[in-house]
Amino acid sequence: MDYRKLGPDLTVSRLGLGCMGMSEFYGTGDDTQSIRVIHRALDLGLTFLDTADMYGVGRNEELVGRAIAGRRNEVVLATKFGNVRGPKGERLGINGRPEYVRTACDASLKRLGVEVIDLYYQHRVDPSVPIEETVGAMSRLVEQGKVRFLGLSEASPQTIERAHKEHPITALQTEYSLWSRDPEPEILPLLRELGIGFVPYSPLGRGFLTGRFRSEADLPEDDFRKGHPRFSGENFARNLKLVDAVSSIARLRGVNPSQLALAWILAQGEDVVPIPGTRQVHNLEENIAATDLILTREEIEELDNIFPPDAAAGNRYAEAGMKSVNL
């Protein structure tokens, strides 16, 4: 496994592992199998694990904590705060108040069973709290030794600049893939100007870019993608044509569509570290194998032409979700 830097000082594996789906959103998970996936990832040299306090209402952090027990020195551990949920999973809004930042961090440390979080993100920007106040509270966690580096998720260019002036931001996490290229015009250039690393989540389009889904019926009933704008109705059919075109290129290279999609995103820069998620060891191994796939300039241009910005049909979240991004 090769390594990349997020910001000037945080070294991580070239590919990370998103752990969200192990506990919620993508149908029913199996903790034993998920821990097996995490252990296999570490065995293969993947060091960068991503979770959040809202995933499974804390259960995902607890799962990751159990998985890394005894192997903490092999892991760069990232988690997030800000999306508040009740004990039954109900959404209670976004909270960026300084007192909440402290409380959330202490709770995450306890669930993860660690003394320090390597990369601590604000999961969503709280529009009711100046970003300077939130990041100021996060910086005090660094001073106290509870957190090593700070990150933001789904923040606008203006918010990123203001936050970075308050305390150095090491990484921005935002959705980015062949079918979600929103960060390219403004955000990526700004991150490079400021020396901030980029961590794309959903680099496989929530699984759509794998070619696995041929109809809405392929989704489990308890999967949040049921009713997702890009997985529904005419949008599904239009997006499937795009994925089929990518699959044709993948067949010519002798790889699967997910490996091609990951190779494309890895080719976007040495400061880009995608975090695809999976609950299956064989999928993990295929994803890691994609780090060895080098695309030609012609192949990258062909993929760019198939999936130009705004090619995907439908928003990347439902209406409520779109209101919480790019703030």
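I started with the ring cluster: ring pairs join Trp179, Phe208, Phe213, Phe231 and Phe236. I'm looking at a predicted model, where local features need pLDDT of at least 70, side-chain atom pairs count only at pLDDT 80 or more, and totals for chains, interfaces and linings use all residues. Residues are numbered from 1 along each chain as its sequence is written, and side-chain values use heavy atoms, with hydrogens and water left out.

My pairing rule: rings of Phe, Tyr and Trp (its six-membered ring) pair if their centres lie within 6.5 Å; planes under 30 degrees apart are stacked, over 60 edge-to-face, the rest tilted. That rule gave me 11 aromatic pairs.

I looked up Tyr176 and Trp264 next: their ring centres are 5.7 Å apart and the planes sit at 45°, so I noted the pair as tilted. Tyr176 is in the loop between strand S10 (171-175) and helix H6 (187-194), while Trp264 is in helix H8 (residues 257-266), 88 residues apart. Helices (H or I, at least four residues) and strands (E, at least two) are DSSP runs, numbered from the N terminus. Both Tyr176 and Trp264 are buried (under 20% relative accessible area, 1.4 Å probe, protein chains only).

Trp179 lies in the loop between S10 and H6, and Phe231 in the loop between strand S11 (197-201) and helix H7 (233-253), so the pair ties together parts 52 residues apart in sequence. I found both Trp179 and Phe231 buried.

Last, I checked charges over rings (NZ of Lys or CZ of Arg within 6 Å of the ring centre and within 35 degrees of the ring normal). Arg206 has its charged end over the ring of Tyr317, 4.7 Å from the centre. For Arg225, the charged end sits over the ring of Tyr26, 4.2 Å from its centre.

How values were computed:
Buried means under 20% relative accessible area, exposed over 50%, partly exposed in between (1.4 Å probe, protein chains only).
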